[in-house]
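This report goes through one protein model, from its overall build to a few of its side chains. Please look at the sequence and the structure before reading on.

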Amino acid sequence: MEVPSSWDALRKQARKLEAQLDEQMNSYRKLVSANVTSKADASESDLESWIERLLKQLQQVNAQMQAWVSSGGSEMVSHTLTRHQEILQDLTQEFYRLRSSLLAKQEHASLLEDFKEFDRTRLDLEQGVDTEKHALLKERASISRSTGHMDNVISQAQATLGALVFQRSTFGGINSKLGNVSSRLPTVNNILSAIKRKKSMDTIILSLVAAVCTFLIFIYWLSK
């Protein structure tokens, strides 16, 4: 059976996006390994945003390929789709793992800066700096530390939410494919029912995570 040209176009687009992601992820790995600052700079934010856009585009291409397979693609085409889905999942999981590692390093650097600020304040106090200045410096260090912790918590919550959204999309594609199989093999209905119950549970968990993220962002906004 000849593979239609539209499938070839989708696969070519997927390979192109995967190659771009490999290149950008390599740069991101180097950035995470070298980062020792307490706050993200513009280049870091731009790189993260670009990787997220590429992941989203690749996810959309995979969804189009899933629709093609569900409409009656061959076993070879189905196997190719599975491979592309595995690549997307691996890249997504590594990106969120690296981001979490970077956030942890930034928080550690922020704590070190707070300790240094505390030592400077203590030395100033010992040298006769007035109490009012000491109190202001101490309050500034406390606010900076609290803000840094809140930023880290919100970023980790957003990273977790992104991973759950991706997993939900993956389960949706699998459910569509199994639905196509079910029309040919009615005996798998019990298995499909179990998967649907699992999907419902994932939806509840995703909703809870989204609510927690919203609550944390609201608290962060109030602390500004």
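## Contacts along the chain

What share of the contacts in the protein with a separation of 6 or more comes from residues 24 or more positions apart? Such residues account for 82% of those contacts, where a contact means heavy atoms within 4.5 Å.

## Basis of the model

This is a predicted model, in which local features need pLDDT of at least 70 and side-chain atom pairs count only at pLDDT 80 or more, while totals for chains, interfaces and linings use all residues. Residues are numbered from 1 along each chain as its sequence is written, and side-chain values use heavy atoms, with hydrogens and water left out.

## Overall build

The protein has five helices and zero strands. In sequence order, the pattern is α-α-α-α-α. Helices (H or I, at least four residues) and strands (E, at least two) are DSSP runs, numbered from the N terminus.

Of the 224 residues, 29% count as buried. Buried means under 20% relative accessible area, exposed means over 50%, and partly exposed is in between (1.4 Å probe, protein chains only). The protein exposes about 14200 Å², and carbon and sulfur atoms supply 58% of this area. Accessible areas come from the Shrake-Rupley method with a 1.4 Å probe; for residues, only the protein chains shown count as cover.

## Aromatic rings

The structure holds two aromatic pairs. Rings of Phe, Tyr and Trp (its six-membered ring) pair if their centres lie within 6.5 Å; planes under 30 degrees apart count as stacked, over 60 as edge-to-face and the rest as tilted. Tyr-28 and Phe-95 form a tilted pair, with 5.5 Å from centre to centre and 45° between the planes. Tyr-28 belongs to helix α1 (residues 5–34) and Phe-95 to helix α3 (residues 75–126), so this pair ties together parts that are 67 residues apart in sequence.

Tyr-28 counts as buried because its relative accessibility is 0%. Phe-95 is also buried, with a relative accessible area of 0%. Phe-95 forms a tilted pair with Tyr-96 as well, at 5.4 Å centre to centre and 55° between the planes. Tyr-96 has a relative accessible area of 15%, so Tyr-96 is buried.

## A nonpolar patch

Met-201, Ile-204, Ile-205 and Leu-208 make a nonpolar surface patch of about 380 Å². Patches are made of residues with over 30% relative accessible area and no salt bridge: like charges are joined within 9 Å, nonpolar side chains (Val, Leu, Ile, Met, Phe, Trp, Tyr) within 5 Å. A salt bridge is a side-chain nitrogen of Lys or Arg within 4 Å of a carboxyl oxygen of Asp or Glu.

Ile-205 is placed in helix α5 (residues 189–223). Ile-205 counts as partly exposed because its relative accessibility is 38%.
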